[in-house]
Amino acid sequence: MEAILLVIFGALVTIFLVNPGSKFIDNFLNEKRESKKLFNLFLKLKKSMPDLFLEMKEDITKFPLNREFIIMRRGWIYNGQSIVYYLDDHQDLESKLKILENSKFIVDITYNNVKRYRITEEFINLLLKYA
């Protein structure tokens, strides 16, 4: 019985690891490369907007199930419950958010006259671990 299992195991190793056309190993390696790129991008952006990253981490920690936020100026009135980032508190906030959007860390989900974004799970995980 052990000999049969060893033969099967050897065949599976050959199929998944040795075969250069193996989709399994290609997908695995691509995911690792993409994860490293995403992590390096996160670190680069963290250096250029540390205050925003820190505030986002604090908000995610306070509201662990909330994935949406809005942006507005202090003094504006908003009738709703949401995490808010103020244009007055972060220089070039809209530009920073555009960079985060282009990097696929946030998604613009605006549906009215209030700018609204959703934070991706990948970005949340990175913020909680490394911000």
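Guide: Let us begin with a definition: a salt bridge is a side-chain nitrogen of Lys or Arg within 4 Å of a carboxyl oxygen of Asp or Glu. This is a predicted model, in which local features need pLDDT of at least 70 and side-chain atom pairs count only at pLDDT 80 or more, while totals for chains, interfaces and linings use all residues. Residues are numbered from 1 along each chain as its sequence is written, and side-chain values use heavy atoms, with hydrogens and water left out.

Visitor: What makes Asp89 and Arg74 a salt bridge?

Guide: The closest N and O atoms of Asp89 and Arg74 are 2.6 Å apart, and the limit is 4 Å, so the pair meets the definition. Asp89 lies in the loop between strand 2 and helix 4 and Arg74 in the loop between strand 1 and strand 2, so the pair ties together parts that are 15 residues apart in sequence. Helices (H or I, at least four residues) and strands (E, at least two) are DSSP runs, numbered from the N terminus.

Visitor: How many salt bridges are there by this rule?

Guide: The count comes to five salt bridges. Among them is the pair of Arg73 and Asp88, with 3.8 Å between the closest N and O atoms; Arg73 lies in the loop between strand 1 (68–72) and strand 2 (83–86), and Asp88 in the loop between strand 2 and helix 4 (93–102), so this pair too joins parts 15 residues apart in sequence. Another one of them is formed by the side chains of Asp108 and Lys115, at 2.7 Å from N to O.

Visitor: Why is Arg74 called partly exposed?

Guide: Buried means under 20% relative accessible area, exposed over 50%, and partly exposed in between (1.4 Å probe, protein chains only). Arg74 has a relative accessible area of 49%, so Arg74 falls in the middle class. Asp89 is partly exposed at 39%, and Asp108 is partly exposed at 26%. Lys104, at 63% relative accessibility, counts as exposed.

Visitor: Which residues touch the most other members of the largest nonpolar core?

Guide: A nonpolar core is a set of buried Ala, Val, Leu, Ile, Met, Phe, Trp, Tyr and Cys residues joined through side-chain atoms within 4.5 Å. The largest such core has 23 residues, of which Phe69, Leu97, Leu100 and Phe123 touch the most other members. The elements that give two or more residues to this core include helix 2 (23–48), helix 3 (50–62), strand 4 (116–119) and helix 5 (121–130). In soluble globular proteins, nonpolar side chains tend to be buried together.

Visitor: How is the whole chain arranged along the sequence?

Guide: The chain has five helices and four strands, which follow the pattern α-α-α-β-β-α-β-β-α when read along the sequence. Buried residues make up 27% of the 131 residues in the chain. Contact means heavy atoms within 4.5 Å, and residues 24 or more positions apart account for 51% of the contacts in the chain with a separation of 6 or more.
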